[in-house]
Structures are given as C-alpha cells and as structure tokens.
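Please read them with the structure open.

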Amino acid sequence: MSARRVEEDPVDALIVFADIVGSSKYSAVLGYDDYARRLLEFQDTFRALGRRYFPEVTDKATQFSHVEARGDEGVVFVTPLPRSRPANQPALVFRAIEFLFHLKGRLELRGRDAPRGFEIGAGIHWGPVIHIISSEGNRSFISEIEGFAINYAKRVESCSREGRYSRIFLSPEAVKSLEFEPVVLSPMRTAMRGIEDRVDLFEVRSGLFEKMDLRDDDEELLQEAGHLAENPTEIDAPWVKAFVVSALEAAIKTTAVKAEQELLRKRQAGLAWHSPKEDDPILLYLRSLECRESGQHTRELRYLRDILQTHPNFLHARLRLVKTCWVLAKSKAEREDKLFARDMAREFLEHYSGFLKPEEKKDFQRLLRNLGQRRSARTAAKRRSRR
C-alpha cells in the first residue's frame, strides 16, 4: 500500500468539469439499454479526446494530468511545471475550450440519420490546489489534487445550464488568460449554489479554434461540418457556427491540396454570408477578412465596428480595426472613407480608450495627426489658389 502526504505549497491548476445536460430525461426516454450504450459512448469519447488534448505527463513527480469520465460526468485536471505556469495558463485554458467544442461536435452533431446526441454543459476554472504525493518503494509521484478550486469549478459547470450559446462557462480567473485568444465571451451574472449569491461568469459565445485536433476518426464529423456550412438553415444551436468554421479552418491548415483548401474556404464564406441578419461575431469577422482580401477596406471597417459595438473586448477585431484605419488614412481612399477612419479613431480614444493598449493609442493618435496634417495642407493650398 502506497504512503500519501500533502505537499505544502499550492499550485495553480486547470480544472474542467463536463457532463450531460438533462441526463435523467435521457434515461427516461431512451430506456435502460440504449441509455447505457450512450453513456459508454460519452465516457469513451471524453477519455479519448481528453487524452488527445491533455496527454499523460512524462514526469509525474513534477506534473499532473488527469482525464476521467464516470457516469454522465467527465473531468480534466492539469497542473503544469511551476517554472512554465504563467505562460501555460492561456494555452491550457484555450486548449480546454477547443477540447470541449470538439467533444460537443462528436456527441451533439451525429449526422442527419442518427438519433439526436447528448447535449454537453461544461465549466472551466483556473485556481490553486494542493498536490497529493504518493510513494511506492523509492518512487514518489503526484497521485491527485485537492482544494476548494475543484468544488468551485464544479459549481461553474452547474451554472452552464443557464447558457444561451455554447453552455461552456468560465470563471473570471480562467477568463483572465484569454485576452489574446480568438474567442468571444458573453458575461452572465448568476447564483452559485452553496458559494455565492451572485457571481460573474462568462459563457463562450463564439470563437475560432483553428488548432482543433481533427484526425482520421473525425472524417464523418468533418463531412457533417461541410454539410452544415452548405445548409446553414439546419444549424439549430449558436455554438455550431463556431464549430463548423473552426473544423473547416483546421482542415484547411492540415491539407496541402489547393483545390481542397479553396472548397473549404468557399464553404466558410457561404456560411458567413448566409443571412443579412447574422450576428455571430466570428462569422462577421470572416466577412471583414474577405473584405480586406478584396481591398474593400471601408466595408471591412464597418463589420469590425459592428463586432466591437457588441463585443468590445474581442482583441482580434480591435487590432484589425486599428490596422484598417491606417490603411485608409494612407491610401487614396475617398474623403468619406478617411473621415470614417478619423471618426472611428476619435471614438475609440474618447470613449473606449480603456480597451486600447498603449501602442494602439499611439497608432490612433498618429492617424489623427496624419489626417489633420493632410487637411491643413489642403486648406493652405486652397487659400494660396484664391490669392
């Protein structure tokens, strides 16, 4: 029997809980045999994908990675190496979102002829835990973790039932690391049973997960993503749009066949431009990229502005807006376009400066000076012509 001890110093950990939404409902409708088979499918899929995204660690004396599924619930616990922890937090949290979107795709998108899949809710937290060290002979290794953060993460997961988009919820601590990642979050103030009456959590609204780890066993899933891109009226949940775009983007990154890349891009564009009422921020972002590639910078700017009015923290759109304003300011664009770029720069500096980084503020200030100097030069030229 192995001896166990508690390591004194706490470490930060990625903690993920995911389970089947309304599992009691499924058990009543499906019957014992079918429900048991579907539960095994959930468990096997969770373990297989979990290990794909969070592999076993090589040095169990310094790191911990635990992936397990029992009943209708799956968990992921990961503690990175102490010296790399600050750099690893954003990578691990974003990786967890990619994993959960892949999991939802596998379990919820079962094809047109298959029975409706399980709906998955999930919670992600980043917080301090204590390593439990076990010893066997002369070998010591991290066997488990303990801490309030685990209980907190479970409560975050339980709040996911209130979600409107993906039902993937993050704690404020987990969200702190996602500023530079292509993910859009929707804040929600809710009650957390047994912990806080009112707490601010964040649901994944949309995102671009181009490093989704699709392999040979995902061929049917990729085919379903392509079908939904070409038949967007069949999409019945907001998260599916981000999944489809991400799955196609991941496929584009992994194929060297140009014709295949062009087909996948065409499918992405078809989904992005499907409806004039579209409000998914990632699809609007794809529209802006297409406008940029075709040199339609004013249209690109308008789409970016529309995104930022609703999601001002979406950094990728914000950075692209700054660059597009510069392009317009230095180009031979129409006067109206330059005025639009000027007004956008002023709007951000006067009303949204808190969302700008110092270098972005400087870019906007230079843009205003640049346009102001050109205006002064034109005014002086007109005065000289009148003399």
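1. Glu108 and Lys104 form a salt bridge in this predicted model, with 2.7 Å between the closest N and O atoms. Both residues belong to helix α3 (residues 85-108) and sit 4 residues apart, about one turn of the helix. Although the two side chains are charged, Glu108 and Lys104 are both buried. The cut-off behind that word is under 20% relative accessible area.

2. The structure holds 27 salt bridges in total. Side chains of opposite charge can pair when their charged atoms come close. One of these pairs is Lys154 with Asp19, at 3.9 Å from N to O. Lys154 is in helix α4 (residues 148-159) and Asp19 is in strand β2 (residues 11-20), so this contact ties together parts that are 135 residues apart in sequence. A bridge counts when the nitrogen is within 4 Å of the carboxyl oxygen, and the 3.9 Å of Lys154 and Asp19 should be read with that limit in mind.

3. Asp19 also meets Arg161 in a salt bridge, here at 2.5 Å from N to O. This pair too links distant parts of the chain: Asp19 is in strand β2, while Arg161 is in the loop between α4 and β7 (168-170), 142 residues away.

4. Lys154, at 23%, counts as partly exposed. Arg161 is partly exposed as well, because its relative accessible area is 30%.

5. Which residues make up the salt-bridge network around Asp19? Asp19, Glu73, Lys154, Glu157 and Arg161 are linked in it.

6. A separate point concerns negative charge on the surface. Asp216, Glu219, Glu220 and Glu260 gather there in a patch. Of these, Glu219 is placed in helix α6 (residues 219-230). Glu219 has 43% relative accessibility, so the residue counts as partly exposed. Residues in such a patch have no salt bridge by definition, which sets Glu219 and the other patch members apart from the pairs above.

7. Last, the strand pairing. Strand β5 (residues 120-136) runs antiparallel to strand β6 (residues 139-146), and the two pair over 7 bridges. Ser134 stands opposite Phe141 of β6. The two strands form a hairpin with 2 residues between them. Gly137, in the turn, has a positive phi of about 65°.

Methods: Residues are numbered from 1 along each chain as its sequence is written. This is a predicted model: local features need pLDDT of at least 70, side-chain atom pairs count only at pLDDT 80 or more; totals for chains, interfaces and linings use all residues. Side-chain values use heavy atoms; hydrogens and water are left out. Patches are made of residues with over 30% relative accessible area and no salt bridge: like charges are joined within 9 Å, nonpolar side chains (Val, Leu, Ile, Met, Phe, Trp, Tyr) within 5 Å. Accessible areas come from the Shrake-Rupley method with a 1.4 Å probe; for residues, only the protein chains shown count as cover. A salt bridge is a side-chain nitrogen of Lys or Arg within 4 Å of a carboxyl oxygen of Asp or Glu. Lys and Arg count as positive and Asp and Glu as negative; His and the chain ends are not counted. The place of a charge is taken as NZ of Lys, CZ of Arg, CG of Asp or CD of Glu. Buried means under 20% relative accessible area, exposed over 50%, partly exposed in between (1.4 Å probe, protein chains only). Two strands pair if DSSP finds at least two bridges between them.
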